[in-house]
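Open the model in your viewer and keep the selection panel to hand. We will go stop by stop.

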Amino acid sequence: MCRQSATVCLVKSPTRQHCVTGPLAERLATLADPRCRRGKRHPFVAVLLIACSAVVSGARSFVAIDEWATDAPQDVLARLGARTVTALAVRIPPSGATIRRVIKDTCPGGLGREAVYSSV
């Protein structure tokens, strides 16, 4: 976990023009999961993908992200990697508190550190 503020981490990140970016899920997988090993129920990348999808769809707060995740259809949750309840094969989105904690504790500077630079 980054001990610096998100602003400092973003300042250290390279500009978009100098980065070659891959699919979003692969880029998010390069970030370190800030959660403790005990009690993890949702995949780290799935939580971030659900939050990103909600924001792209117009969510502007954690409450709106939680509402979007709760109302998302099963096929969307499956594509985003939400966990499955094995007995019923139903996809369960992470709670609003889980989404908030993961986003708050994730260092965004990690995306810039792991970037592959193009020869511009």
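**Stop 1**

Select Asp105 and Lys104: they form a salt bridge, with the closest N and O atoms 2.9 Å apart. The term means a side-chain nitrogen of Lys or Arg within 4 Å of a carboxyl oxygen of Asp or Glu. This is a predicted model, where local features need pLDDT of at least 70, side-chain atom pairs count only at pLDDT 80 or more, and totals for chains, interfaces and linings use all residues. Residues are numbered from 1 along each chain as its sequence is written, and side-chain values use heavy atoms, leaving out hydrogens and water.

Now show the surface. Lys104 is exposed, at 60% relative accessibility. Asp105 is partly exposed, at 23%. (Buried is under 20% relative accessible area, exposed over 50%, partly exposed in between, with a 1.4 Å probe and protein chains only.)

**Stop 2: the network**

Select Asp33, Arg35 and Lys40, which are linked in a network of salt bridges. Asp33 meets Arg35 at 3.0 Å, N to O. Asp33 also pairs with Lys40, the closest N and O atoms being 3.1 Å apart. Asp33 is partly exposed at 26% relative accessibility, and Lys40 is partly exposed at 38%. The whole structure holds three salt bridges.

**Stop 3: the pocket**

Which residues line the second largest pocket? Select Pro34, Arg35, Cys36, Arg38, Gly39, Lys40, Arg41, His42, Thr98, Arg101, Val102 and Asp105.

Technical notes:
On a 1 Å grid over the protein atoms alone, a cavity is a set of points where a 1.4 Å probe fits but cannot get out, and a pocket is an open set with protein on both sides within 12 Å along at least five of seven lines; lining residues have an atom within 4 Å of a point.
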